[in-house]
Amino acid sequence: MVYKGTLSRRMECLIHIIFWLLTGYFAFVKNPLYAQWIVPDLFYITYAIVFMATFYFHYLVVMKKVFRTFQWKKLLAGLFISYLFFTGARWLTEQVITNLLFNRVNYIDPTFINYMLDNLHYSSMPIIFSSFLWFGIYFVRLQEYNKAILEENKNTEIKFLKAQINPHFIFNILNNIYSMVYFKSDKSLPAIEKLSQIMLFTTYESQKEKIWLSEEINYIKAYIELEQLRHKESAFVQLDIQTNTEHIEIPPYILSPLVENALKHGVASTENPIRIVLTANNQLLHLQVSNEIGTQKKDKLGGIGLDNLKSRLDIHFPDTHQLLLTNEHNHFTADLQIRFI
């Protein structure tokens with residue numbers, strides 16, 4: 001059997017007990033209202049014994065081997081082996097043992113062909129019941145196994161993507177501070193202070209599955225302020241945030257890559273600023289970032305942020321998000337909408 005999950009061996013045994021109770025009820029209870037029972041004779045009892053033996057031979061041996069590496073010819077061979085087991089067990093029980101103990105046999109001088117054909121009918125019931133019960137339990141465990149694998153893959157991918165994001169952000173910020181220190185700018189100390197604020201976020205908040213929207217916003221503001229320290233003009237970014245709730249939870253770094261992409265690759269000034277508009281309520285989060293595109297070539301790491309964001313959106317909001325990236329007339333716009341269900 002595959003992955004056990006919540007369907008443990010104890011639960012499997014309980015299912016078997018219920019199955020045999022129901023089978024016994026329909027086999028021996030003739031009329032429950034008048035307490036009429038079917039009194040089994042000798043060969044009724046022997047058939048029940050062979051029935052159970054074949055049931056578990058097929059369940060524990062044949063089905064396990066057939067589906068270890070499934071092939072249709074193995075399944076057909078397994079069914080034939082279970083049929084031979086039933087026929088041989090019934091011959092041994094009803095033609096040999098009962099003859100020795102009670103001087104009785106079930107078949108009087110049967111031909112080989114007639115005996116095999118007759119038992120083809122009687123053997124079908126335990127084999128079919130055994131197969132269906134095995135398939136039912138196997139299917140439940142397979143579903144749980146697949147769900148567990150998907151969840152594990154999802155968690156692994158999210159951890160990988162987070163690990164990819166953090167160095168990317170820090171790489172850009174350190175480059176900025178390096179430039180300030182190199183040119184002995186008086187903005188280098190405030191930049192280091194902003195960096196420490198960002199590091200607190202990347203160290204603690206980014207490890208969480210979900211954070212408050214306000215925490216992501218504060219991180220974006222700190223990043224923008226750090227970028228502003230590098231520019232002579234402080235108004236090169238227009239930030240418009242409109243939220244009417246503080247109780248929205250989102251995965252960390254689900255908004256900031258769009259802002260970072262605009263700051264890194266856009267051309268901005270007081271006359272032509274980068275525009276960032278964020279609106280949010282309990283039903284919808286909408287972020288729009290627009291900027292002019294610079295003529296400088298992107299570095300080799302330039303595509304990580306947006307590609308990473310697309311992957312994380314597909315994981316966290318597979319059917320409830322829309323990300324539109326447009327590039328027209330040297331103007332780039334990123335429009336992200338996330339619906340909360």
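Author: What follows takes the salt bridges pair by pair and then turns to some other local features.

The model is predicted, so local features are given only at pLDDT of at least 70 and side-chain atom pairs only at pLDDT 80 or more, while totals for chains, interfaces and linings use all residues. Residues are numbered from 1 along each chain as its sequence is written, and side-chain values use heavy atoms, with hydrogens and water left out.

Side chains of opposite charge can pair when their charged atoms come close. Here a salt bridge is a side-chain nitrogen of Lys or Arg within 4 Å of a carboxyl oxygen of Asp or Glu, and by this rule there are four of them. Burial is judged by relative accessible area, found with a 1.4 Å probe on protein chains only: buried is under 20%, exposed is over 50%, and partly exposed is in between. Helices (H or I, at least four residues) and strands (E, at least two) are DSSP runs numbered from the N terminus.

One of the salt bridges joins Glu-12 to Arg-9, with N and O 3.1 Å apart. Both residues belong to helix 1 (residues 9-28), and because they are three residues apart there, about one helical turn separates them. Glu-12 is buried at 5% relative accessibility, whereas Arg-9 is partly exposed at 46%.

In another pair, Arg-90 meets Glu-94 at an N to O distance of 2.9 Å. These two residues are four apart in helix 3, which again puts about one helical turn between Arg-90 and Glu-94. An α-helix has 3.6 residues a turn, so residues three or four places apart point the same way. Arg-90 is buried with a relative accessible area of 5%, and Glu-94 is buried as well, at 0%.

Lys-194 and Glu-225 also form a salt bridge, their closest N and O atoms being 2.4 Å apart. This pair links distant parts of the chain, since Lys-194 sits in helix 5 (residues 188-203) and Glu-225 in helix 6, 31 residues apart. Lys-194 is partly exposed at 22% relative accessibility, and Glu-225 is partly exposed at 33%. Elsewhere, salt bridges with shared partners join Arg-9, Glu-12 and Arg-141 into one network.

The burial classes also describe other parts of the model. Nine of the 10 residues of helix 7 (residues 256-265) are buried, so the rest of the structure largely encloses this helix; among the buried ones are Glu-260, Asn-261 and His-265. Gly-266 lies in strand 6 (residues 266-267) and counts as buried at 16% relative accessibility. The C-alpha atom of Gly-266 is 9.0 Å from that of His-331, although 65 residues separate the two along the chain.
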